[in-house]
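Hi,

Here is the structure I promised to pass on. Have a look, and then read on for my notes.

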Amino acid sequence: WELFVFDSYSDDGAWEYMQGLAAREPRMRLMQGPRQGPYPAWNECLRQTAGEFVYIATSDDSMAPDCLEKFVAALDRNQSCELAHCPLRVIDAAGNIENPSRWPGATTFAMGLAEIIERPHVRHAPYDGLLHLAGSHVYLSVAQLLIRRSLFLKIGVFPNKWGNISDFNWEMKAGLVTDTVHVPDTWVTWRIHDRQATVTTTNYRTRERDKLLEEMIADALASCGPRLSPKAVNCQWIDITKNLRYYDSYLSHGRRFLSRKIFQLCKLIGGPSEVRAEVLRPLTGKAKWYTVAPSQLKAWLEREGLGPVIMDD
């Protein structure tokens, strides 16, 4: 194995600490570079290393002692998979486990696959990629993934054009083109604190973010098009979810009450069937579309023979 550390001229003693470790470990190398955000740093690490498997150890997060061992074993057993995925424990700055935890509840993975979260299984492409159409992450942290290096040759390195949410685009592309093996009997942590680069704020849902999200989804579908099966390319859910995301975004961003009601009335009269149904959901007590879409998408994929495959526990 090799350990490559990229340091953005830290001033908290981290660089000196890493130098001390590297002096005793010949498989460890260090580099300093400008502070440009996580994705350029991750990409530099990819350029500097050559291993078959890539694990991105983000900042001050951690993992179970057996995590990498079980990740590698799962990918060795499932050669079609270029991603291995495990559970996440969210912790605070002091290391206390978040309760209740935002994982898996904050992901479309949980919404569509809750019944197999604790069972080992393989999700065949484009399963994970299409789940992103609901507008939420399938993987809450890149630390949950072990990546086969060959995947980067298919979809490229991490983009940076959409700011600190650009990993959504890379993850969607990955899920569209490769199978994922789920490894439920280990874990990694994601530490939440005020100074982190990707902290989720109370104002996370903004008009600008929704615009970037649409750009990332369109880019992922366009760039992965040649690698997708005809079933995925012609997936009815691509257009359905685009219409629903637009409807939801319009209502979410501070427009006046009367404007929202006029917009809803217009959609109820002349909008697509899925949007008309969404307008009526509050009146019938039904859940919002994005909470049920992953399960509906899962059912469609299973009918097309693309559902997850449960492995022996």
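To start with the charged side chains: which residue forms a salt bridge with Glu 44? The partner is Arg 47, and the closest N and O atoms of the pair are 2.8 Å apart. By salt bridge I mean a side-chain nitrogen of Lys or Arg within 4 Å of a carboxyl oxygen of Asp or Glu.

Before going further, some housekeeping. This is a predicted model, with local features needing pLDDT of at least 70 and side-chain atom pairs counting only at pLDDT 80 or more, while totals for chains, interfaces and linings use all residues. Residues are numbered from 1 along each chain as its sequence is written, and side-chain values use heavy atoms, with hydrogens and water left out.

Back to that pair. Glu 44 and Arg 47 both sit in helix α2 (residues 38-48), three residues apart, which is about one turn of the helix. Helices here are DSSP runs (H or I, at least four residues), numbered from the N terminus. The two partners differ in burial, for which the cut-offs are under 20% relative accessible area for buried, over 50% for exposed and partly exposed in between (1.4 Å probe, protein chains only). Glu 44 has 14% relative accessibility and so counts as buried, whereas Arg 47 is exposed because its relative accessible area is 58%.

The other salt bridges

With that rule, the count of salt bridges is 14. Another of them joins the side chains of Arg 27 and Glu 25, at 2.9 Å from N to O. Arg 27 is at 41% relative accessibility, so it counts as partly exposed; Glu 25 is at 19%, so it counts as buried.

Then there is Lys 70, which pairs with Asp 66, their closest N and O atoms being 2.8 Å apart. Lys 70 is partly exposed because its relative accessibility is 26%, and Asp 66 is partly exposed too, with 23%. This pair belongs to a network of salt bridges that links Asp 66, Lys 70 and Asp 185.

How do α10 and α12 sit against each other, and at what angle? Helix α10 (residues 236-252) and helix α12 (residues 273-284) pack at about 40°, with their axes 9 Å apart. The axes are lines fitted to C-alpha atoms over the stretch in contact, and angles run from 0 to 180 degrees between N-to-C directions. The two helices are therefore oblique to each other: angles under 35 degrees count as roughly parallel, over 145 as roughly antiparallel, 65 to 115 as roughly perpendicular and the rest as oblique.

On the α10 side, Asp 239, Ile 240, Asn 243, Leu 244 and Tyr 247 meet Glu 274, Val 275, Glu 278 and Val 279 of α12. Those contact residues split into five nonpolar, one polar and three charged. Here Ala, Val, Leu, Ile, Met, Phe, Trp, Tyr, Cys and Pro count as nonpolar, Asp, Glu, Lys and Arg as charged, and the others, Gly among them, as polar.

Ala 277 is also in α12, and it is partly exposed because its relative accessible area is 37%. Between Ala 277 and Pro 65 there are 48 Å, C-alpha to C-alpha, and 212 residues in sequence.

A buried methionine

Last, Met 216 in helix α8 (residues 207-224). Met 216 counts as buried because its relative accessibility is 0%. Setting aside neighbours within four places in sequence, Met 216 is in contact (heavy atoms within 4.5 Å) with Trp 162, Ile 165, Ser 166, Phe 168 and Asn 169.

Cheers
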